[in-house]
Amino acid sequence: MVDTVARVALDVGAWRGLRLVSPVAGGHRNEVWRGDIAGTPVSVRRSRRSTESLDWELDLIEQLDAADLIVPTVVRSDDGRRHVDRVVVQQWIGGREPSIQHDWRLVADALSRVQRLPVAPTGQRPGCSTVVELTRAGRSVDADLAALPDDVAARVLAVFAEFADAPVTLIHGDPHASNLRILDDGRVGLLDFDESRVDVTWHDLSNLGVQVLDDDTHARAQRLSDAWEAANAWVVEPDYARHRLRRLADI
């Protein structure tokens, strides 16, 4: 029954033998399923991004894989496409979520490897910009500044302006525990690059399970994170966005 309903929602006919097993819990912004191809587990996702933005993401994953990072590489369709109507099939990465300080230090090391990769020739993700470049009518990822009330937009833009001197690199964009895996051999798997882009490096380092920045930088990075999450989630997760905005007011 699950299979039948899922196939109506996600057309996976371009992958022979692909069976949708169960939805993956926890995703707020994309439809993600666990699937199976001839006994091999895969993830199946429908991206909400534009074709150009999704292609950028998949290019990045190929770049990370070539750099020996553990990432969900694409399983191409039978005719060789990386995605079909923005449905993407990727290798399933096992392991467990990080839970102890040692795990999080491994995560920080893996994220630092991402940040050291050259941005060129990939360039900025289509439809994205750094927070410093955002304007009252600007957009990046799910942040639509035009959709914010005037007082909220003014508050977050004032915070973003504080980071003109901050380092800018490739970032994962959403390194929460559910998007990370610690493998049996100690390597780190990085999942879900839906929010990856070129932006202030500290986005990825402000909310890990261990502090990796000095105290002053960490405090600044948390302020950036609260402002960004308020803007990025305002339309798609309004309760969470208001929670992060209240945190910003308390700093």
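The entries below go from ground rules to helix, cavity, histidine and pocket.

**Ground rules.** I am working with a predicted model, where local features need pLDDT of at least 70, side-chain atom pairs count only at pLDDT 80 or more, and totals for chains, interfaces and linings use all residues. I number residues from 1 along each chain as its sequence is written, and side-chain values use heavy atoms, with hydrogens and water left out.

**Helix 3.** I took helices (H or I, at least four residues) and strands (E, at least two) as DSSP runs, numbered from the N terminus. Helix 3 covers residues 101-116 and reaches 23 Å from its first C-alpha to its last, close to the 22 Å expected at 1.5 Å a residue. The expected span is 1.5 Å times one less than the number of residues.

I then looked up burial: buried is under 20% relative accessible area, exposed over 50%, partly exposed in between, with a 1.4 Å probe and protein chains only. In helix 3, the buried residues are Asp103, Trp104, Val107, Ala108, Ala110, Leu111, Val114 and Gln115. They cover an arc of only 165° around the axis, so they sit on the same side of helix 3; the arc is that of the directions from the helix axis to the C-beta atoms. The face turned away from the buried side carries the exposed residues His102 and Arg116.

I checked what the buried residues of helix 3 pack against, and found helix 2 (51-66), strand 7 (168-171), strand 8 (180-182) and strand 9 (188-190). Contact here means heavy atoms within 4.5 Å.

**Cavity.** On a 1 Å grid over the protein atoms alone, a cavity is a set of points where a 1.4 Å probe fits but cannot get out; a pocket is an open set with protein on both sides within 12 Å along at least five of seven lines; lining residues have an atom within 4 Å of a point. The largest cavity has a volume of about 130 Å³, volume being the space filled by probe spheres set on the points. Of its 13 lining residues, Pro175, His176, His203, Asn207 and Ser225 are the closest to its centre. Helix 5 (residues 215-233) gives the most to this lining, with 3 residues.

**His218.** I found His218 in helix 5. His218 counts as buried because its relative accessibility is 14%. Leaving out residues up to four places away in sequence, His218 touches Ser206, Gln211 and Leu213. The C-alpha atoms of His218 and Ser206 are separated by 6.2 Å.

**Pocket.** The second largest pocket holds about 170 Å³ of space. Its lining includes Arg48, Cys128 and Asp194.
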